[in-house]
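Q: Could you walk me through how the parts of this protein meet? Please start with how you define the area you quote.

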Amino acid sequence: MALSLIIIPVVVRSTETMLNLVPNQLREASYALGTPKWKVVTSVTMQAAKSGLITGVLLGFARITGETAPLLFTALNNRFFSWDMSSAMANLPMTIYQFAAAPDDTQNMLAWAGALIVTLSVLGLNIVARIIGREKK
């Protein structure tokens, strides 16, 4: 929940910027052809700003992936998963930190595995964004 509150302003601001970069002449030409407003927004404006919108979502996701402070203050450092939002919860950044500082080699390897999971999730999202944002010919 804390991370979702952090990503909202980043995505909203980048979306607003990208939609403002679409030329008004493009919208006006669509209106001149008799296109309804909802069709102009979905087909013309969104298609013109698609790569910028995807970039904004990627920037927001990258920001929350690197944010550990909200998790340290809100999750309250529990090692076990919990559905109760008012109790302490497990989170990957804190687990990575604790396992990396542990003297046990097994926990050190698990910390590296956790870091790999975070890295692969960002890579996976970038690949999906590239596939979605690809120009169709």
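A: Buried area here is the accessible area, taken with a 1.4 Å probe, that two parts lose on being put together, summed over both. The model is a predicted one, in which local features need pLDDT of at least 70 and side-chain atom pairs count only at pLDDT 80 or more, while totals for chains, interfaces and linings use all residues. Residues are numbered from 1 along each chain as its sequence is written, and side-chain values use heavy atoms, with hydrogens and water left out.

Q: OK, which domains are there?
A: The protein is divided into domain 1 (8-74) and domain 2 (84-136), with bounds that come from an automatic or database domain assignment.

Q: And how much area is buried between domain 1 and domain 2?
A: About 880 Å² is buried between them, and carbon and sulfur atoms give 81% of that area. On the domain 1 side, Leu58, Phe61 and Leu71 lose the most area to domain 2, together 43% of what that side buries.

Q: How many salt bridges between domain 1 and domain 2?
A: The count is 0, where a salt bridge is a side-chain nitrogen of Lys or Arg within 4 Å of a carboxyl oxygen of Asp or Glu.

Q: Which helices supply the domain 1 side?
A: α4 (50-66) and α5 (69-74) each supply at least two residues of the side that touches domain 2, and α4 gives the largest share, 5 residues; helices are DSSP runs of H or I with at least four residues, numbered together with strands (E, at least two) from the N terminus.
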